Amino acid sequence: MVRWFPMVDVLDRLRLDVPVAQAGMGGGIAGAALAAAVANAGGLGTLGLVTARQLRSAIDQVRAKAPGRAVAVNLLLPFLHRGHVDVCVRAGVDVVVLAFGEKRGLIGHLRDAGIVVFVMVGTRKQALRAVAGGADGLIAQGREAGGHLVGTMPALDFLPQALAVAGQRPVFLAGGIADRADTSTALAAGASGVVAGTRFLMTDEANANRAYQRRIINADKTIETNLFGFSWPLRHRVLPNDATRRWCRDDGMAKAVPAVFNTVSGPLSLLGYFEAGPLLRLQSPGRPLFTPLPPVAGTPDSWVERAALYAGETALRIGEITSAEQAVRDLTPE
Ligand SMILES: Cc1cc2nc3c(=O)[nH]c(=O)nc-3n(C[C@H](O)[C@H](O)[C@H](O)COP(=O)(O)O)c2cc1C
């Protein structure tokens with residue numbers, strides 16, 4: 001049976017008070033504290049990818065802290081284990097956001113379990129494939145977004161293409177969302193809601209290293225690169241640091257040595273998501289091996305020079321750390 005949720009239904013179906021979603025940020029950045037705070041503020045809180053066991057516990061924590069609210073989980077396809085899918089199905093999460101890849105039958109499997117499935121896309125072709133695969137909705141990512149990129153053009157330029165493909169399905173806009181004027185512009189352009197990553201990274205509840213957050217407050221530039229691509233050589237947007245200054249070319253892309261390491265390490269992602277803290281410990285601005293792991297809370301401040309400082313173009317406009325509740329309020333049109 002074909003069953004998806006037209007735009008008018010999506011906020012009701014997900015019990016959202018406001019059309020604002022927090023992006024699932026992996027590597028430990030977006031955990032239960034952030035997702036629950038966003039959910040309690042009326043938005044869609046999303047758990048980033050961690051191990052399957054940690055994910056199960058995080059879902060339980062969101063449910064305990066934000067009873068009656070929707071729980072969303074971001075599944076990063078390159079690092080997906082069957083265990084992650086089983087956890088989402090068994091826990092009966094409300095939403096899964098699929099990103100950065102495809103897996104045959106996965107959308108159908110999740111939907112059969114009653115889960116609303118969004119797919120993040122950055123091209124018309126990806127949008128067509130997501131819709132053909134049965135997605136309930138799309139997240140249209142622009143190239144200005146923080147973190148890994150499927151986006152290939154400014155979000156508002158891509159939105160009409162995504163809307164045309166989506167038909168009656170809801171499309172949320174990701175990239176360039178820092179305040180309520182951005183949300184209003186996205187809604188006026190036809191989006192059903194917005195997804196913000198960097199704005200929620202800059203909250204008390206995000207599990208990010210504080211020195212990383214301070215870098216965002218002081219940011220005057222982001223770069224699109226593929227440097228932090230050990231095991232996952234996909235383009236991403238970061239703030240510059242010692243590692244990028246040493247190993248990126250003028251156009252932002254990795255120089256030859258790290259580029260080769262990234263290419264040959266691609267198959268490592270088949271091992272799935274694992275605790276890669278020890279790898280980050282080995283990382284240094286002088287050694288051309290750069291994993292995708294961001295500096296989370298509790299890591300030494302000096303690691304901001306060796307790890308990926310994911311941030312979108314909104315970093316240039318965000319000047320403070322607030323509560324997640326305040327961030328939701330700031331993103332909500334009056
Ligand atoms: C720190 C950080 C980590 C991210 N991690 C993920 C992730 O694990 N999975 C994912 O689908 N998107 C991830 N993203 C991208 C977001 O889904 C979203 O597209 C992006 O944050 C939107 O742009 P903005 O940061 O300008 O709001 C990440 C973004 C940031 C800033």
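Colleague: What makes Ala-72 the partner of Thr-46 in this predicted model?

Modeller: In this predicted model, the residue of strand S3 that forms a bridge with Thr-46 is Ala-72. Strand S2 (46-47) and strand S3 (residues 72-76) run parallel and are joined by 2 bridges; two strands pair if at least two bridges are found between them, so S2 and S3 are a pair.

Colleague: Why is S2 called an edge strand of its sheet?

Modeller: The open sheet has 8 strands in the order S1-S9-S8-S6-S5-S4-S3-S2, with parallel pairing. Strand S1 (20-22) and strand S2 (46-47) each have a single partner strand, so one side of each is left without a neighbour in the sheet, and that places them at the edges.

Colleague: How do you know that S3 and S4 pair, and which residue stands opposite Leu-98?

Modeller: S3 and S4 are linked by 5 bridges in the parallel sense, and since a pair needs at least two bridges, the two strands qualify. Leu-75 is the residue that stands opposite Leu-98 in S4.

Colleague: What makes S3 and strand S4 (residues 95-99) "mostly covered"?

Modeller: In S4, 5 of its 5 residues are buried, and in S3 the count is likewise 5 of its 5 residues. In a regular strand the side chains alternate between the two faces of the sheet. In S4, Val-95, Val-97 and Ala-99 are buried on one side and Val-96 and Leu-98 on the other, so that both faces are covered. In S3, Ala-72, Asn-74 and Leu-76 point one way while Val-73 and Leu-75 point the other way, and all of these are buried.

Colleague: What makes the buried residues of helix H6 (residues 124-132) lie on the same side?

Modeller: The buried residues are Ala-127, Ala-130 and Val-131, and they cover an arc of only 95° around the axis, which puts them on the same side of H6. An α-helix has 3.6 residues a turn, so residues three or four places apart point the same way. The buried residues of H6 pack against helix H5 (106-112), S5, S6 and H7, whereas the face turned away from that buried side carries the exposed residues Lys-125 and Ala-132. Just after H6, Gly-134 takes a positive phi of about 105°.

Colleague: How do you know that helix H8 (residues 180-188) also has its buried residues on the same side?

Modeller: Asp-182, Thr-183 and Ala-186 are the buried residues of H8, and because they cover an arc of only 100° around the axis, they are on the same side of H8. They pack against H7, S8, strand S9 (193-196) and helix H14 (324-331). Helix H7 (residues 155-166) itself lies across strand S5 (116-121), strand S6 (137-141) and strand S8 (171-174), running at about 160° to S8.

Colleague: Which residues of H2 and H3 meet, and how do the two helices cross?

Modeller: The axes of helix H2 (residues 32-40) and helix H3 (residues 52-65) come within 9 Å and cross at roughly 35°, and H2 passes H3 in a right-handed crossing. From H2, Ala-32, Ala-33, Ala-35, Ala-36 and Asn-40 meet Ala-58, Gln-61, Val-62 and Lys-65 of H3. The residues of this contact divide into 6 nonpolar, 2 polar and 1 charged.

Conventions. Residues are numbered from 1 along each chain as its sequence is written. This is a predicted model: local features need pLDDT of at least 70, side-chain atom pairs count only at pLDDT 80 or more; totals for chains, interfaces and linings use all residues. Side-chain values use heavy atoms; hydrogens and water are left out. Axes are lines fitted to C-alpha atoms, for helices over the stretch in contact, and angles run from 0 to 180 degrees between N-to-C directions. Helices (H or I, at least four residues) and strands (E, at least two) are DSSP runs, numbered from the N terminus. A crossing is left-handed if the near helix is turned anticlockwise from the far one by less than a right angle, and right-handed if clockwise. Contact means heavy atoms within 4.5 Å. Ala, Val, Leu, Ile, Met, Phe, Trp, Tyr, Cys and Pro count as nonpolar, Asp, Glu, Lys and Arg as charged, and the others, Gly among them, as polar. Buried means under 20% relative accessible area, exposed over 50%, partly exposed in between (1.4 Å probe, protein chains only). The arc is that of the directions from the helix axis to the C-beta atoms.
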